[in-house]
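Please walk me through this protein. Start with the whole chain, then turn to single residues.

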Amino acid sequence: MSQQASTPAPEPVRHAATTRDHVRRLHEVRRRATVGDELATERQHAKGKLTARQRLQHLLDEGSFTEFDLFRRPAPGSPVPEYCTDGVVTGAGTVHGRRVFAYAQDFRILGGSLGEAHAAKIHKVMDLAIAAGAPLVALLDSGGARIQEGVTALAGYGGIFRRNVRASGVIPQISVVLGPCAGGAAYSPALTDFTFLVRNVSHMFVTGPDVIKTVTGESVTHEELGGAEVHAATSGVATFVADDEETCLEDVRHLISLLPSNSHDLPPSYETDDPPARRCPRLADIVPANPKVPYDVREVIAEIVDDAEFMEVHEHWAENIVCALARMGGRTVGILANQPVVRAGVLDIDTSQKAARFVQMCDAFSIPLVTFVDVPGFLPGVDQEHDGIIRHGAKLLYAYCNATVPRIQVILRKAYGGAYIAMDSRSIGADLSFAWPINEIAVMGAEAAVGVIYRKELAAAGDPEQRRTQLITEYTEELMHPYYASERGLVDDVIDPADTRVMIIRALELLSDKRPDLMPRKHGNPPT
Ligand code: HXC
């Protein structure tokens, strides 16, 4: 399909050329190498896609890009045409004035496939990002391992995976899939912190539709198998999705503004016009006292954070928990909140995995955790048990117990059983815990509790229903309120909901110099 020949070799330099001749030639060579083939550019645009350089322009501050290895080509004698760049543009620039390293695969050149030189360029920019302590953004659009280069192409991916893992928790790594990302190549985004996909543009799968048809007989389109919608809502592979590339790259810029450059730095803080002392009286209208009446916890979050702005991760997957990055008092916070409008906010396998990964990411990048609790428990069911809710729920416990950033728990309403403990209770290491006065902290809800502990008495009662109602009332009045937990030191204060924002910002300030107290070890052995 390609109409391109290799990038032509520069004209030889005349023996008597002046310095200005050399400079003119440099500009010409550079121009030819960067512009690329017009037909290939048209084909890229016809698919609704930007080119690699256009993507970098959208990602980085204007005029800030410094390119590396523009003239890098495959070694002489390579089985493929020798294009400058070898199909990937690499370099560094700034985003909102802060240093960022990036690479963008150029699908116009050999389908953005990864050969030896292409991989070596990516390895170099990854090594530089780690050395400089700056985020790395990968703009991916590639047919995968370059078939003609065989095992060296495969080894190139190995080198990327190794660096992804070396950089994990050291610098933020962001993958942006803007075309195909197939086979083993899909594992690089999975090893990074965030994966962005664009509807009708991105496709990710380990084995494509043709192989699936041959092996299992199933018929499926690229979009149905590995499009943005599927990875956003079903597989949980996509952390964020966007409708178009420009919006996606704007979202990447916003995400970077919320993150530190590396694990030694704190996330940048910003001046805010939203007063830290702002009270939130509307919260009392948003959350009904009856624990069975649902409400959208995103309204609670919007009310409390600066300027009602927050960036939800995995917005369409495991929606019964909301995980979001926001700012409070100008500082980045990671928010976790049970979502009563989706499956009553219950914890299950997917929510445990989503929340555990989010806690882990926040902890790695010094982002304090604020957890809003309104949880009926872990989801009962044979499927959940057989699919490993014990293993997966343990991931959430492990992530919280391991986290050394400031941790604040706010119990909005009900908090039952193991799910209460897992949602960053004081007992697993929250630094401060606040409860609203409508609160019910208990092993289980009153009806279930009465059914268990008064089973014999109810069976013998003359009017079991009347006795049941009486016992439920007594149990609720005695135990289902926050003052009992507060008397036992498990809640640090019972607060007016209107003061929630003020209290959290004050607590974040008090804990801002918290230092981790870690025991020496090689690394933990988290549940998988
Ligand atoms: C070499 C490749 C290539 C590849 C595409 N091209 N993939 N060249 N190696 N892996 C070339 C095509 O030959 C074509 O060149 C140009 O890129 C554009 O490709 P088209 O097929 O015309 O584009 P399109 O119709 O958009 O289809 C894109 C595609 C398809 C879906 C990606 O090209 C495809 O299925 N490619 C093969 C994918 C694959 O199986 N890759 C290996 C995955 S395994 P011309 O010269 O005609 O313009 C893997 C292992 C990683 O990656 C292991 C890590 C451990």
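Of the 528 residues in the protein, 52% are buried. Buried means under 20% relative accessible area, exposed means over 50%, and partly exposed lies in between (1.4 Å probe, protein chains only). This is a predicted model: local features need pLDDT of at least 70, side-chain atom pairs count only at pLDDT 80 or more, and totals for chains, interfaces and linings use all residues. Residues are numbered from 1 along each chain as its sequence is written, and side-chain values use heavy atoms, with hydrogens and water left out.

Now the overall fold. The protein has 21 helices and 17 strands. Helices (H or I, at least four residues) and strands (E, at least two) are DSSP runs, numbered from the N terminus. The C-alpha trace spans about 110 × 55 × 45 Å along its principal axes.

Next, the contacts. A contact means heavy atoms within 4.5 Å. Take those between residues at least 6 apart in sequence: 72% of them join residues at least 24 apart.

Finally, look at two loop residues. Histidine 314 sits in the loop between β10 (310–313) and β11 (321–328). Its phi is near 50 degrees, a positive value in a residue other than glycine. Histidine 314 is buried, at 11% relative accessible area. Alanine 344 lies in the loop between β12 (331–338) and α13 (349–364). Phi of alanine 344 is positive too, near 60 degrees. This alanine is partly exposed, with 40% relative accessibility.
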